[in-house]
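This report describes how selected secondary-structure elements pack against one another in the structure shown below.

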Amino acid sequence: MRRNKMRVTGAMAVSAVLALGAVSCSDDDGGSGGDEVTIGFMGDLTGENSGLVVPPWQGATLAVDQYNATNPKIKIKLKKYDTQGKTEQATTQVQGAIKNDKIVGLIGPAFSGESQAANPILNEAKVPSVTPSATQITLAEKGWKYWHRVVADDAVQSAGAGEFLANAGVKKLFTVSDNQDYGKGLADAVGKAVQAKGATVQSDAVNDKGTDYSSTVNKINQAKPDAVYFGGYYAVAGRLFKQLREGGYKGKMMSGDGSLASGLVEGAGQQNAQGALLSCGCLIDATGKTNEKAKKFAADYKAKFNTEVAIYSTEGFDAATAFIEAIKSGKKTTEDINDALKTVSFQGVGKPIKFDEHGELAAQDIFIYEVKNNTIPLLGNSKEAKVA
């Protein structure tokens, strides 16, 4: 999942790093001191796409609360940093988190734009991070030694979505994007993946601030594709899917992780959204379709927050658990925790959690979801999921 409203220049990132200077050489050697350490959570918690970030925050909170309830030798304080999805806020807040709050690790940033801005600072300060949801491919190519993620990247998502569509018999695909980095990149990659399977592809883009997509709807109806794949976020996807159905389009509609939220159904209207498909590297499995651990997590999550598990709830829990596993072994400083993350290996709520040398998750699964009534239940792994 990538949200990059404002691209941070290299000069800004470097100056932020220099401003921190010797943060990693603080008096407590990067730890929080005493028998408690502080871990941060960073992301859009109140902005327009907070529906994608509140669930992983809740998942992380559940993991930390359950850990602290065991009365461990080293307790964890979880502190949130609300960026509202703005990269400039992520840059400012990460400096304060390191210098003032002495965090020993960060869950996040949630979006890729924020990650591009904050991770050079984290890396310079030698503070490890585990993002539950930033999927931009290039994040793993920066050479950051303190960066990790518990979700597959956009290349894996596009390949999984393309394979699923081809297996579903799609011979003609129409891709639409919001013309932003994340949306366009994902839509283009899905188109290429389907083309590689022998399908023909047409494409168009819509204005993410616009409300009238009749021009794109007309192009789609003229093309008569078997499926439409939208790259972008749920607010735009909801408007587009609504206008497609009301414009008479009868084929399959699909989008990616940025649209996997109840806001999609609300925006499109329940009737229009029926049957819409979503691809994601995240696992949402309230019924325990994949394993009993996922079912227990969903029950614990609902008991605590009085809501069902949602996008990246699982990944927030697993990202926090990666830090917990390191701290349980007695690690308290940033560098010791980072060293422990290199060797951590456990069965997460839905996926094995083990990082490769680039901080990528070793398991690279993509899951498919389908709107049914006002819910978006798991259909299955992209390699096996089938749709009528």
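**Crossing of two helices**

Helix 3 passes helix 4 in a right-handed crossing, a term that applies if the near helix is turned clockwise from the far one by less than a right angle. Helices (H or I, at least four residues) and strands (E, at least two) are DSSP runs, numbered from the N terminus. The axes of helix 3 (residues 87–99) and helix 4 (residues 112–125) come within 8 Å and cross at roughly 25°, which makes helix 3 roughly parallel to helix 4 (angles under 35 degrees). Axes are lines fitted to C-alpha atoms, for helices over the stretch in contact, with angles running from 0 to 180 degrees between N-to-C directions.

**Basis of the model**

This is a predicted model in which local features need pLDDT of at least 70 and side-chain atom pairs count only at pLDDT 80 or more, while totals for chains, interfaces and linings use all residues. Residues are numbered from 1 along each chain as its sequence is written, and side-chain values use heavy atoms, with hydrogens and water left out.

**The sheet and its helices**

An open sheet with mixed pairing is formed by seven strands in the order 7-6-8-9-10-13-14, where two strands pair if DSSP finds at least two bridges between them. Its edge strands, each pairing on one side only, are strand 7 (200–205) and strand 14 (378–381).

Helix 6 (residues 181–195) lies across strand 6 (172–177), strand 7 and strand 8 (227–231), running at about 170° to strand 6. Helix 7 (residues 214–223) also packs on the sheet, touching strand 6, strand 7 and strand 8 (contact means heavy atoms within 4.5 Å).

Conventions
Parallel < 35°, antiparallel > 145°, perpendicular 65-115°, else oblique.
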